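Please open the structure in your viewer and keep the selection panel at hand. The stops below are meant to be taken in order.

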Amino acid sequence: MTPAQPDRARAVADDFPSSPSRQRRLDGEFPGLELDSPRPEDGAALWRLARDSRALDLNSPYSYLLWCRDYAQTSIVARDASAGPVGFITGYSRPEAPRTLLVWQVAVDHGQRGRGLAAAMLDTLAHRTGDKLGVEVIETTVTPDNTASNRLFTSFAERHDAPLTREVLFAADAFPEAGHEPEVLYRIGPIPSRAASVLSQTAAVPASTTTPTRSSS
C-alpha cells in the first residue's frame, strides 16, 4: 500500500442500507458524519477524494463507479449529510481467501484529517465484515516510505491485540515504471473474537495516520 490506495469490495447493498438505524452515526466523535456502505452515486466523490489526496494511485472514474456497485460490502464511506462522502476505504476478499479482507485504498478529505476518522472507518469495516462475512484477517500493502499507513495499520493491530507480520509482496522491479517502492504486505490476524466489543470504541490515532494511505493498486 503506497500512501493509502483505494480498496476493492464486493457489493451487497443491504448491509448498510440508507435506514439510519443500520448506519453507524458518529455524532460523538465526528458530528454530522455517519459510516455507510458506498453506493454507485458515490463513485464520482470517491474519485475526487483519491485525486485530491495527491498520494493515491488514481484509478479511472469508471473503476470507482464499479467499486461502489460491486464491492460495497467490503468497503466503507464516511458520509456528511450535506457534503456527501468525506472519506472512504475500499477493500475486497479473494475467492480463495474469503475470511481475509484486503484493504486497497484509504482516503480522508483534507478538512477531516487529524481526528482519527481513518481509524474509525477501519475499525467499523473490520467489525462489519467480521460479523457479516466471517473476516478474521486484514491485509494491505504499504510502501516503506508511507509512514501514515504504517501507523494506521500498526495501531489497528495493537488496539485489537492481533499479530502483525510483514513481507515484501511485490518488489520494486515488478512495476513497469522506474522509482516505484516495493509493496510490503501487512497481514493482521487472526483478530480475536473479543475485538467485536472493542471495535465500536475507536481509539484516537495520530493525525498522520488519517492522511491518505495507499493499500494495493
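What follows is a tour through strands, a helix and the cores.

This is a predicted model, in which local features need pLDDT of at least 70 and side-chain atom pairs count only at pLDDT 80 or more, while totals for chains, interfaces and linings use all residues. Residues are numbered from 1 along each chain as its sequence is written, and side-chain values use heavy atoms, with hydrogens and water left out.

Begin by selecting strand 3, residues 76-80, together with strand 4, residues 84-92; helices (H or I, at least four residues) and strands (E, at least two) are DSSP runs numbered from the N terminus. These two strands pair in the antiparallel sense over 5 bridges, where pairing requires that DSSP finds at least two bridges between them. A hairpin of 3 residues joins strand 3 to strand 4, and Asp80 stands opposite Gly84 in strand 4. Strand 4 is mostly covered, with 9 of its 9 residues buried, buried being under 20% relative accessible area, exposed over 50% and partly exposed in between (1.4 Å probe, protein chains only).

From Val103, move to Leu125, which is 22 residues away in sequence and 9.9 Å away in space, C-alpha to C-alpha. Leu125 is one of the buried residues of helix 3, so select residues 117-133: this helix has 17 residues and reaches 23 Å from its first C-alpha to its last, close to the 24 Å expected at 1.5 Å a residue (1.5 Å times one less than the number of residues). Because 12 of its 17 residues are buried, helix 3 is largely enclosed by the rest of the structure. Gly134, whose phi is positive, near 75°, follows helix 3.

Now turn to the largest nonpolar core, which has 31 residues; such a core is a set of buried Ala, Val, Leu, Ile, Met, Phe, Trp, Tyr and Cys residues joined through side-chain atoms within 4.5 Å. Those with the most contacts inside this core include Ile89, Val103, Met121 and Ile138, and helix 3 gives the most to it, with 8 residues. Apart from this core lies another, of 9 residues, among them Leu46, Tyr64, Cys68 and Val77.

Finally, centre on Ile138, which, leaving aside neighbours within four places in sequence, is in contact (heavy atoms within 4.5 Å) with residues including Val103, Ala126, Phe153 and Tyr186.
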